Amino acid sequence: MNKIKFLSIALFASASVLQAQDIDEVKKQIDAEQFQKAKTSLKSIIKSNPSEGKAFFLLGNIYLKQSVIDSAKITYNEGLKAKDDAHFNNIGLGQIDLENNNPTAAKAKFESVKNDMRKKDFEEYIYIAKAYMNNSNPDYKAALATLELAKEKNADEPQVLLAFGDAYYGDKNQNQAFSNYRNAFQADNSLIRAKVQLGVLLKGAKAYQEAVAAYNEVIALSPNYAPVYRELAETYYYWALNVPGRYDEYIKQALSYYEKYMTLTDYSLDSRMRHADFLILAKDYKALEVEANKMKELDKVNPRILRYLGYAAFENGHIDEAISSLEEFIKNPSNKVISLDYLYLGQAKIKKGTNADATAVDPALYAEGIALIKKAVELEPSVADGLGDLGKEYYEKKMFKEAAAILEIATSYNESRTFLLDNYYLGNAIYFDNAGKPVAERDTIALKKADIAYGNVLKASPETVDAYVSRARTNSLLEDDQAMIKYYQEYIDHVTAKGPEELAKPNVKAKLLEAYSTMAAGYANFDKPKAIEYFKKALEVDPTNEYSIQALKTLQ
């Protein structure tokens, strides 16, 4: 009997060791971003040993990473029923609470996990810190505070150091991030991700050449470590954006490295989605359409495929398909809609509502498109960067009201690369839309926006002298004589300071004549001597100007 008991204990211990080895292998698969393989492994472990709570937790984490929230929640709840390590699943449920902007509920779950920990345990702290970092509203301070608890238990543990690196990186403390990543790799040179992150820090500092060198060191150590190729792809993508002359070369390199990344992970639906996300960044919409249709063959009901189909269809000129795909995706309340979804659908609606030669629009479709684009910018202001190009397309067709609606959104993002130019076009679009209209029909609210837009241009670039004339004209439409006079005078002062050669230019003479005669007409409303003075100045520029001659006769 004692012998049987002894054998049972030995077999149980052996099974536990094997189970731990299986979990460790799964962690390596997750780290290598082989998520489909990891999911298959975890489902196998759960089937053979439903008491392994950590397997449920890791499977739930993969679902969370893939934004399949419902499956993650179901998996975590099943994991809570497990005999061993069930408490880990409350970390996952806590992360879902954070995703749902409920930090109080998340904290309660994290505290329950801490209460279930044994004296020397620290792994739970690492995962709680990751939960704080890996959600839509990351709290890096909370992650760092949690990791301090792990540090008290095991300060030299490489995984603790790696997590500290991630938290400091997210908190924009590059020095501490570098130190922790370096120490993590020195403590365990099999922890390849720590060394990859040293390259990521260089990429973030725009030291692209140095980042590539760092990644090549990783490849020399571990040539089949997939994430390093993804990082190389992203580095070459950003490098392409920052060195326009090498854009095509670097984008081609980026796509090549991403293909290498794909071959080292898998060609599952999830990996294809990651590839599609990168193709969107790289603006390779032909390849995106091919990838989206391949995904559709694999899973016709996965909602994210509709996003990719919508983006690709719009960029490739299939507007009806873009609208139907994106509308179907957005209307599903379980889908996490992002700013680009609204941006693409809005642009598609505008395109659909514009006639073939871009000279007229369907007002209802156009308004719907503008509302969707505004919604996109509310979610993520930076998507306004580049909208100015669309606005200028309508401006060049003399569709000034439609142009102004887009340019107003473009100028709401003051970090846009074309912020000043977009403001200038916005002011012009509003001005031309109102010029020639009777006073009662002018849009005074819009004209005040034009005045502000010109002000933005002149604040940043006072030597953009034509903007003074445009601002003066706008205030003339607003019947604000004082402001009109002020801005014409600023134009006169700037061109006069450049000397006689500038004043002799035909286009400058034309604007001087306009400035003096319009200022004189304004002065006539409240200062007759000044009006006479400025009509005389106008005649100095052009002695034959009939308007100024007749006005002087009337005033004198």
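Which side chain does a polar contact of 3.1 Å join to that of lysine 195? In this predicted model, the partner is glutamate 217.

Lysine 195 sits in helix H11, which covers residues 192–204. With a relative accessibility of 14%, lysine 195 is classed as buried, because the cut-off for that class is under 20%. Leaving aside residues up to four places away in sequence, lysine 195 touches Phe185, Glu217, Val218 and Leu221.

Let's turn to a pair of helices. H28 (residues 506–523) packs with H29 (residues 528–541) at an angle of about 165°, and their axes are 7 Å apart. H28 is therefore roughly antiparallel to H29, and the crossing is left-handed. On the H28 side, the contact is made by Lys509, Leu512, Leu513, Tyr516, Ser517, Met519, Ala520, Ala521 and Tyr523. H29 contributes Lys528, Lys530, Ala531, Tyr534, Phe535, Lys537, Ala538 and Val541. By type, the residues of this contact divide into 12 nonpolar, 1 polar and 4 charged.

Most residues other than glycine have a negative phi. Serine 67 has a positive value, and lysine 398 has a positive value too.

Key:
Residues are numbered from 1 along each chain as its sequence is written. This is a predicted model: local features need pLDDT of at least 70, side-chain atom pairs count only at pLDDT 80 or more; totals for chains, interfaces and linings use all residues. Side-chain values use heavy atoms; hydrogens and water are left out. Axes are lines fitted to C-alpha atoms, for helices over the stretch in contact, and angles run from 0 to 180 degrees between N-to-C directions. Helices (H or I, at least four residues) and strands (E, at least two) are DSSP runs, numbered from the N terminus. Angles under 35 degrees count as roughly parallel, over 145 as roughly antiparallel, 65 to 115 as roughly perpendicular and the rest as oblique. A crossing is left-handed if the near helix is turned anticlockwise from the far one by less than a right angle, and right-handed if clockwise. Contact means heavy atoms within 4.5 Å. Ala, Val, Leu, Ile, Met, Phe, Trp, Tyr, Cys and Pro count as nonpolar, Asp, Glu, Lys and Arg as charged, and the others, Gly among them, as polar. Buried means under 20% relative accessible area, exposed over 50%, partly exposed in between (1.4 Å probe, protein chains only). A polar contact is a pair of N or O atoms within 3.5 Å; within protein, one must be able to donate a hydrogen and the other to accept it, and residues adjacent in sequence count only if both atoms are side-chain atoms.
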